[in-house]
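The points can be checked against the structure as shown.

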Amino acid sequence: MTQRPYPRLAPTGFTAPDRASATEFWVVRHGESTWNADGRYQGQADVPLSHIGVLQAATLAERLTGQSFAAVYSSDLRRASHTAATVAERLAGAPTVQLDPGLREIDVGALSGLVIADIRARHADYLQALQTDPWATRRPGGESMEDLYARCGAAFHALRARHPGGRVLVFTHGGVVRVAVGLALGGVPANAWSRLSVTNTSITRVLLGEQSGTLLGFNDDAHLENLLEATEADDVLGQAP
């Protein structure tokens, strides 16, 4: 007698996204930039990949060779689009990378180009406010985490509506990876942002439906095991990027 398999049940009180209409996103942080290497905040400054970043992108491309996606999107900033182009040419069908400014990193305003010592010296009031309210405090002349979540959340939901039931590859930034995690979890728990370590070229997988989401995998950087550098910090945190 053939034993009937047990049905896959969602946790009590949780309705999992319907695979037929939800979108699975593979969200990749860009390779190391020259300002990552220098410890400079960059935000939306258009900074290129470092030599290590180029190597990280090539290593990711080797890992994803032959994988198939419904579409490939990238932030329009060079460090993301260069990473995306390196990987896309090794994917099944060598898909075109579609640029989306909505996937840009948080706007750090006046902090752009500064190292943490400069920020402490010039923007002590901002750092104090950040400690009090890390979610709603805006970078001087820039965005808050709350702003980033609203902007990039809208971008992800637009892509979800465009590719129901599909698998989409997104190249973006550390802060935006955190947004994807928040969307999958139904919000961002207090102080969780600073605890989410996002390494360069790591893969985070989320399934997003219209009303719910699921975190499938986070910060997968197995392809970097033989490399010396895999920068974790970025412009969202109160530390060197």
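1. Buried here means a relative accessible area under 20%. The model is a predicted one, and the points below should be read accordingly.

2. Thr201 has a relative accessible area of 0% and is therefore buried. Its place in the chain is the loop between α7 and β5 (203-208). The phi of Thr201 is near 65 degrees, which is a positive value in a residue other than glycine. Most residues other than glycine have a negative phi.

3. Asn219 also has a positive phi without being a glycine, at about 55 degrees. Asn219 belongs to strand β6 (residues 213-220), whereas Thr201 is in a loop. With 16% relative accessibility, Asn219 counts as buried, because the cut-off is under 20%.

4. How do the axes of helix α6 and helix α7 cross, and at roughly what angle? Helix α6 covers residues 145-162 and helix α7 residues 174-185; their axes come within 9 Å and cross at roughly 70 degrees. Angles of 65 to 115 degrees count as roughly perpendicular, so α6 and α7 are roughly perpendicular to each other.

5. On the α6 side, the contact is made by Leu148, Tyr149, Cys152, Gly153, Phe156 and His157. Helix α7 contributes Gly175, Val176, Val179, Ala180, Gly182 and Leu183. By class, the residues of this contact of α6 with α7 are 8 nonpolar and 4 polar, with no charged residue.

Conventions:
Residues numbered from 1 in each chain as written. Predicted model: local features only at pLDDT ≥ 70, side-chain atom pairs only at ≥ 80, totals over all residues. Heavy atoms only, no water. Axes fitted to C-alpha atoms, helices over the stretch in contact; angles between N-to-C directions. Helix = DSSP H or I, 4+ residues; strand = E, 2+ residues; numbered from the N terminus. Parallel < 35°, antiparallel > 145°, perpendicular 65-115°, else oblique. Contact = heavy atoms within 4.5 Å. Nonpolar A, V, L, I, M, F, W, Y, C, P; charged D, E, K, R; others polar. Buried < 20%, exposed > 50% of the residue type's maximum accessible area, 1.4 Å probe, protein only.
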